Amino acid sequence: MPTIKSSTDLRNNYNEISTFCHTYHEPVFITKNGQGDLAVMSVETYERLTGRLELYGLLQEGLDDVAAGRTQPFPEAMDELTRKYQA
């Protein structure tokens, strides 16, 4: 269940919300006038989330390459990498 706080709570209880975000590694949703406005999270949680999104993008690129037939046998790929990084 998401944690929801008002903008007043954020202003008056910043340290408590910050501690929660760092302890539980999940966002706190902030409302303004009863409507969703912001999602607040620790920098570590944000970096982990963006890293995961980047990984998903790279995996999708690989799946797209496979679907389009842009592949090569493993030994050839390893030979190519070996030549590339020995230079």
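Trainee: How much of the chain counts as buried?
Mentor: Of its 87 residues, 9% are buried. Buried means under 20% relative accessible area, exposed means over 50%, and partly exposed lies in between, with a 1.4 Å probe and protein chains only.

Trainee: What should I know about the model and the numbering?
Mentor: This is a predicted model, in which local features need pLDDT of at least 70, side-chain atom pairs count only at pLDDT 80 or more, and totals for chains, interfaces and linings use all residues. Residues are numbered from 1 along each chain as its sequence is written, and side-chain values use heavy atoms, with hydrogens and water left out.

Trainee: Which elements does the chain have, and how do they run?
Mentor: There are 4 helices and 3 strands. From the N terminus on, the order is β-α-α-β-β-α-α. Helices (H or I, at least four residues) and strands (E, at least two) are DSSP runs, numbered from the N terminus.

Trainee: Is the chain compact or spread out?
Mentor: The chain is more spread out than a compact globule, because its radius of gyration is 22 Å, well over the 12 Å that the globule rule gives for 87 residues. The radius is taken over C-alpha atoms, and the rule is 2.2 Å times the number of residues to the power 0.38.

Trainee: What box do the C-alpha atoms fill?
Mentor: Roughly 60 × 30 × 20 Å, along the principal axes.

Trainee: And the accessible surface?
Mentor: About 7200 Å², and 56% of that belongs to carbon and sulfur atoms. The areas come from the Shrake-Rupley method with a 1.4 Å probe; for residues, only the protein chains shown count as cover.

Trainee: On to the strands. In what order do they sit in the sheet?
Mentor: The order is E1-E2-E3, in an open sheet with mixed pairing. Two strands pair if DSSP finds at least two bridges between them.

Trainee: Which strands stand at the edges?
Mentor: E1 (3–6) and E3 (35–40) do. Each has a single partner strand, so one side of each is left without a neighbour in the sheet. Neighbouring strands are turned by 35° against each other on average, direction ignored. The axes behind that angle are lines fitted to C-alpha atoms, for helices over the stretch in contact, and angles run from 0 to 180 degrees between N-to-C directions.

Trainee: Which way do E1 and E2 run, parallel or antiparallel?
Mentor: E1 and E2 run parallel, joined by 4 bridges. Ile4 has Phe29 in E2 as its bridge partner.

Trainee: How many bridges join E2 to E3?
Mentor: 5 bridges, and E2 (residues 28–32) and E3 run antiparallel. Thr31 has Gly36 as its bridge partner in E3. Ile30 stands opposite Leu38, also in E3.

Trainee: What about His25? Where does it lie?
Mentor: His25 is in the loop between H2 and E2. Its phi is near 55°, a positive value in a residue other than glycine. At 41% relative accessibility, His25 counts as partly exposed.

Trainee: Which residues does Thr45 touch?
Mentor: Thr45 touches Cys21, His25 and Glu26, not counting residues up to four places away in sequence. Contact means heavy atoms within 4.5 Å. Thr45 is in helix H3 (residues 43–67) and is buried, with a relative accessible area of 8%.

Trainee: Last topic: how many aromatic pairs does a search of the whole structure find?
Mentor: The search finds 1. Phe20 and Tyr24 form a tilted pair, 4.9 Å centre to centre, with 40° between the planes. Rings of Phe, Tyr and Trp (its six-membered ring) pair if their centres lie within 6.5 Å; planes under 30 degrees apart count as stacked, over 60 as edge-to-face and the rest as tilted.

Trainee: How do Phe20 and Tyr24 sit in helix H2?
Mentor: They are 4 residues apart in H2 (residues 14–24), so about one helical turn separates them. Phe20 is partly exposed, with a relative accessible area of 22%.
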